[in-house]
Amino acid sequence: MTPMLGMFTFIFNLVGLVICLAGLTLAQRRRKHQQKRWPGHALAGFGFFIATTPIWGQWLLAQ
């Protein structure tokens, strides 16, 4: 793994983790008010996708 790829992996993982936690927090808070929780779950899924992007990229480049 090149140093640049390792740096991007760390950044993508960190940003994805923050977005995922924000989405899960949003979904949890909306439950108290009996409102729709799908925006929080969608944001959490998007954060997970961002965090796993380097892994998918490495997998696609290896084939």
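Trainee: Let's start with F12. Buried or exposed, or in between?
Mentor: F12 counts as partly exposed, because its relative accessibility is 34%. Keep in mind that this is a predicted model.

Trainee: Where does F12 sit?
Mentor: In helix α1, which covers residues 3–32.

Trainee: And which residues make the nonpolar surface patch?
Mentor: M4, M7, F8, F10, I11, F12, L14, V15 and V18. The patch comes to about 830 Å².

Trainee: What does T9 touch?
Mentor: P54 and Q58, leaving aside residues up to four places away in sequence.

Trainee: Switching topic. How many aromatic pairs are there?
Mentor: The count is 1. The pair is W56 with W59, and their ring centres are 5.8 Å apart.

Trainee: Stacked or edge-to-face?
Mentor: Edge-to-face, because the planes of W56 and W59 are at 85°. The cut-off for that class is over 60 degrees.

Trainee: Where are those two tryptophans in the fold?
Mentor: W56 and W59 both lie in helix α2, residues 38–62. They are 3 residues apart, about one turn of the helix.

Trainee: How accessible are W56 and W59?
Mentor: Both are partly exposed. W56 has 48% relative accessibility. For W59 the relative accessible area is 43%.

Trainee: What about P39? Which helix is that in?
Mentor: P39 lies in helix α2. P39 counts as partly exposed, at 27% relative accessibility.

Trainee: How are P39 and L26 separated?
Mentor: Their C-alpha atoms are 7.9 Å apart. Along the chain, P39 and L26 are 13 residues apart.

Trainee: Zoom out for me. How many helices and strands?
Mentor: The protein has 2 helices and 0 strands.

Trainee: How much of the protein counts as buried?
Mentor: Of its 63 residues, 19%.

Trainee: Last one. What share of contacts comes from residues 24 or more positions apart?
Mentor: They account for 59% of the contacts with a separation of 6 or more.

Key. Residues are numbered from 1 along each chain as its sequence is written. This is a predicted model: local features need pLDDT of at least 70, side-chain atom pairs count only at pLDDT 80 or more; totals for chains, interfaces and linings use all residues. Side-chain values use heavy atoms; hydrogens and water are left out. Patches are made of residues with over 30% relative accessible area and no salt bridge: like charges are joined within 9 Å, nonpolar side chains (Val, Leu, Ile, Met, Phe, Trp, Tyr) within 5 Å. Accessible areas come from the Shrake-Rupley method with a 1.4 Å probe; for residues, only the protein chains shown count as cover. A salt bridge is a side-chain nitrogen of Lys or Arg within 4 Å of a carboxyl oxygen of Asp or Glu. Helices (H or I, at least four residues) and strands (E, at least two) are DSSP runs, numbered from the N terminus. Buried means under 20% relative accessible area, exposed over 50%, partly exposed in between (1.4 Å probe, protein chains only). Contact means heavy atoms within 4.5 Å. Rings of Phe, Tyr and Trp (its six-membered ring) pair if their centres lie within 6.5 Å; planes under 30 degrees apart count as stacked, over 60 as edge-to-face and the rest as tilted.
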